[in-house]
Each structure stands twice: as structure tokens, then as C-alpha cells.
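Open the model in your viewer and keep the sequence panel at hand. We will go from stop to stop, selecting a few residues each time.

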Amino acid sequence: MSGRRIALGAAIAAVPALLIVLQVVAGHRGFEGPLASLWRDYAGTPKSISVPWAGLALALVGLNWKWRGIALGSAIAIDTVFAAARLLGDGPFALGNGPTIVLTAMGVAAALGWRWARTDGTDSTPYTTALRATALGALLILATKVGDVWLHITVLAGPNVLDPYLVLADHALGDPSWVLGRVVEALGPVGYAVLHWVYIELPVAAMAVAAWQLRGVVTERVWPRHYLVRTFLVLGLVGPVVYVFFPVVGPMFAYGPDGHGLQLGNYWPQLVPPIDPTPAPLPFDEVTPRNCMPSMHTAWALAVFLHSRRDVDGAPAPRWLRWGGTFWLVATLTATLGFGYHYGVDLVAGAVLCLTVESALRAPERGWGRFRIRLVGGGAVLLIGLLLSYRYLAVVMAEYPVAAGAVLLGLFAAYVTAYYRTWFGSSGPSESSSPASESATARS
């Protein structure tokens, strides 16, 4: 048995083991675990409407059009029955049972080796393609379940939060959360609703970009070497680990009205807190997740933006996708700061994390040359340096905001420039040598 098969088998076995462990922890601590949440998606009231449907939509890239129609129609029918039953029983309106059940059926069928006949009857889609696409859709759903539990774990691991340090470090960026908080207030309820929808529906944007990247896996029988889902999953594994070591709740909780009486004052977003020359960790409640540092919404939205620039063969993506990725990034950053969920320094750390992970994953066929080692190593060093400066140089950053801001943004700009020149510059490595591009060249 090859090492790759062993690693794949270990990864598959690790998923249910992780879910069971987290369910035990959740049951012991009195909050909903991933298995209980999954059961609600099958037979109860799903927690999310968009995530199950996004997972199914991603899985459908592995089927031909005939079976896509069958799967989609079945999911709609099942969802309609469940939703009607809940409404007749005076329950809440919710959707998501249908796609979860159909996605599971697709996985079972593909695992059994069934072949998905093409509508013209001349060929069939290998079950491995359907199985791989179904696994991606399932991972998208399971990742959200694990993420929900991890937010509770951050509370258990971080009874004290480090917001007093970040509010000082944020002076170097001009206190952007306070600025955009007032901007969002001025936008009124319509602007707030649009930004809120964009913020919570990030999986929908990811699904749209990933579906575009993977649209040819059935007809071409070739998977791209790198696509958005890989980046999303790695970011979801790496980023939240930092939450445990750097617990932060955000301006609207530590300095605003949602602090449950533990906030340091009702400052946000009208008044910037005064500089505290002797900051200290702040004891906080047992409810609010410590999920600010780094900003994963920034990391994921930036990944969506990057993958919406070009197709997997290196050609420019269609205009609607590029504009959509840009809109989603700008709106997500605005909501992240304007809702008081993050400090500006969180966003910088999240962006550096995204570019570091992307540099590790992009164009795997080029190997680990010095160009990749410099980018990944430099990004890791920069991220660690940012965290250390936020924690131990916060007072200095607040007292000398112009100099500190220039250094902070200068280092970030230098890393962005190195990333761009390496992966998007005319002379830098690209993904144009991927199998997808090779097959496209052969056809032309």
C-alpha cells in the first residue's frame, strides 16, 4: 500500500474520530456538539440554510447534468416536505434537510462504485469523480460543525481576553473599527442588511468560485492541482488554533453594548477609548467566542478574491466572477470592522495568514523551491511578529501611531508585493502548467 493511500485512509478515519471526541466534550460541557447538529440537519431543524445547500452545490460538480437534475430535484422535494411539516406543526421555517440527505445518498452510491451515466449514453462519470466531489461538499458542512464547537472551546481556553492590548495597537491603523462603525450606522438598515448577508453567507461565495473552478472535472476527467476548497480547509485548520493562544472578543463586546456588563465602557463606535499605559488581560464571560485574532473572515474572503482572479489554467476569470470576488472582499472587510467584530490589526493578521497558506498550496507541481520557502517562511515569521508586537508593543504603537502604522503597513505591503510578483507577475511561477491547462492546450 502506497504512502499516499495510507495518509488518505488515516485522514478519512480521523474525521469521525474528531467528531466523536468533540461531541463528547460538548456533551460534558453542556453545548451542542457536531453529531447532534448533524442529526438536526437530517431529521430536525437545520441550524443553517445556506451551508447544506452550498455543500450539495459543490458536490454536484462531480455529476453530469442528468444526475445533477435528479439530485437537485430530490433535494428540493425533500426540503419542501420537511419545511411543510415543521410549519404545520407550528415549528420554525428552515431548510437544509434535503441537501444533507441527498448529499449522503450521493456519497453512499459513489462509495459503492455506481457509475453515473451521461445523458447521451455514450460514456459515464467514474464513481471516483463523484466520490471526490461529494467528499468536498461534505467537508464544507462538517467544517462548519467543527467550527461551531471550536468557538465554545475558545471560551473554555481563554477566560481572559487580550482586547486591551489590541485597542492600543489599533491606534497605529487609525482605529478603523470605530470609523467604519459610524459609517455602517450612517448606511441605515438597508446597508446593514446587505453587509450582514454578505458576512454570514461567505460559504455561498466560496461555493460559487469553487464550482466555477471545478466545472470541468466530469467532462475533462482532470482535477486542477489547486482550487479554493483546499485553501479554505487549510485555513480552517490553522487559523482557529491561534484563537486559543490569543483570545480576543472584539470592540463591540469589550468596548461596546454587548459586553454583558464586563466591557470596559460603552465606547464603540462613537468614542475611542483613552490610551491605557498599563493594559492587562480582561476577564470576560463564558458565552462570547474568542475568535478575533486572526480575522478568519478576512482570510477566507481574501482567498475568494484571489481565486476569482484567474481560472485554474491561468486565463483571466470571467468578469462577473472577478467583480463578485471583489465585492465580496470589500463588503466582508466593511462588515467585519463596521459591525465591531474585529480590530484592524486582526484583519492584517488574517490577510497575512491567507497569503502564507496560499503560497504553500499554490502551483504544487513547482515543488518547494527557494521562491516558495521564502514566501511561506516569511509569512509565518511576519504573522508571529505581528502577534508578538500586538501583545508586547501595544503601548508603544499607541504612543507613536504614525511610525508604528508605517512599519506595520510597510511590512504588509512588502509581503503582498512579494506574493503578487511570485504568483501573478509576468515572470513569476504560475499555475499555467497544471494538468488542466495541458489538456486545454492539447485540445486547441
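Which residues are buried in α3? Select the helix and look for Ser-50, Val-51, Pro-52, Ala-54, Gly-55, Leu-56, Leu-58 and Ala-59. Buried here means under 20% relative accessible area, exposed means over 50%, and partly exposed lies in between (1.4 Å probe, protein chains only). Helices (H or I, at least four residues) and strands (E, at least two) are DSSP runs, numbered from the N terminus.

Before moving on, two notes on what you have open. This is a predicted model, in which local features need pLDDT of at least 70 and side-chain atom pairs count only at pLDDT 80 or more, while totals for chains, interfaces and linings use all residues. Residues are numbered from 1 along each chain as its sequence is written, and side-chain values use heavy atoms, with hydrogens and water left out.

**Stop 1: helix α3**

Because eight of the 10 residues of α3 are buried, the helix is largely enclosed by the rest of the structure. Show its surroundings: the buried residues of α3 pack against α4 (65-88), α5 (97-111), α6 (127-157), α9 (202-213) and α11.

Now pick Ser-50, which belongs to α3 (residues 50-59). Ser-50 has 14% relative accessibility, so it counts as buried. Its side chain and that of Glu-201 are joined by a polar contact of 2.5 Å. A polar contact is a pair of N or O atoms within 3.5 Å; within protein, one must be able to donate a hydrogen and the other to accept it, and residues adjacent in sequence count only if both atoms are side-chain atoms. Not counting residues up to four places away in sequence, Ser-50 touches Glu-201 and Val-204, where contact means heavy atoms within 4.5 Å.

**Stop 2: the nonpolar cores**

In soluble globular proteins, nonpolar side chains tend to be buried together. A nonpolar core is a set of buried Ala, Val, Leu, Ile, Met, Phe, Trp, Tyr and Cys residues joined through side-chain atoms within 4.5 Å. Select Phe-246, Met-293, Tyr-343 and Tyr-390: among the 78 residues of the largest nonpolar core, these touch the most other members. Helix α15 (residues 344-361) gives the most to this core, with 10 residues. There is also a second, separate core of 16 residues, including Leu-19, Leu-56, Ala-75 and Met-106.

Zoom in on Tyr-390. Leaving out residues up to four places away in sequence, the partners that Tyr-390 touches include Tyr-165, Phe-246, Met-293, Val-345 and Leu-408.

**Stop 3: Asp-346**

Stay with helix α15 and select Asp-346. With 0% relative accessibility, Asp-346 counts as buried. Apart from neighbours within four places in sequence, Asp-346 is in contact with Leu-166, Cys-292, Met-293, Pro-294 and Ser-295.

**Stop 4: salt bridges**

How many salt bridges does the structure hold? There are six, a salt bridge being a side-chain nitrogen of Lys or Arg within 4 Å of a carboxyl oxygen of Asp or Glu.

- Arg-40 and Glu-32 meet through their side chains (3.0 Å, N to O).
- Arg-362 pairs with Glu-358, with the closest N and O atoms 2.7 Å apart; Arg-362 and Glu-358 are both buried.
- Glu-365 and Arg-225 meet through their side chains (3.9 Å, N to O). This pair links distant parts of the chain, 140 residues apart: Glu-365 is in the loop between α15 and α16 (370-392), and Arg-225 is in the loop between α10 (217-220) and α11 (228-245).

**Stop 5: backbone details**

Next, show the backbone. A cis peptide bond joins Trp-268 and Pro-269, with omega about 0°, and Pro-269 sits in the loop between α12 (251-254) and β4 (282-283). The bond from Met-293 to Pro-294 is also cis, with omega near -5°; Pro-294 lies in the loop between β4 and α13 (296-307).

Then select Asp-175, which is not a glycine but has a positive phi of about 50°. Asp-175 is in the loop between α7 (163-169) and α8 (176-200). Ala-363, likewise not a glycine, has a positive phi of about 50° and lies in the loop between α15 and α16.
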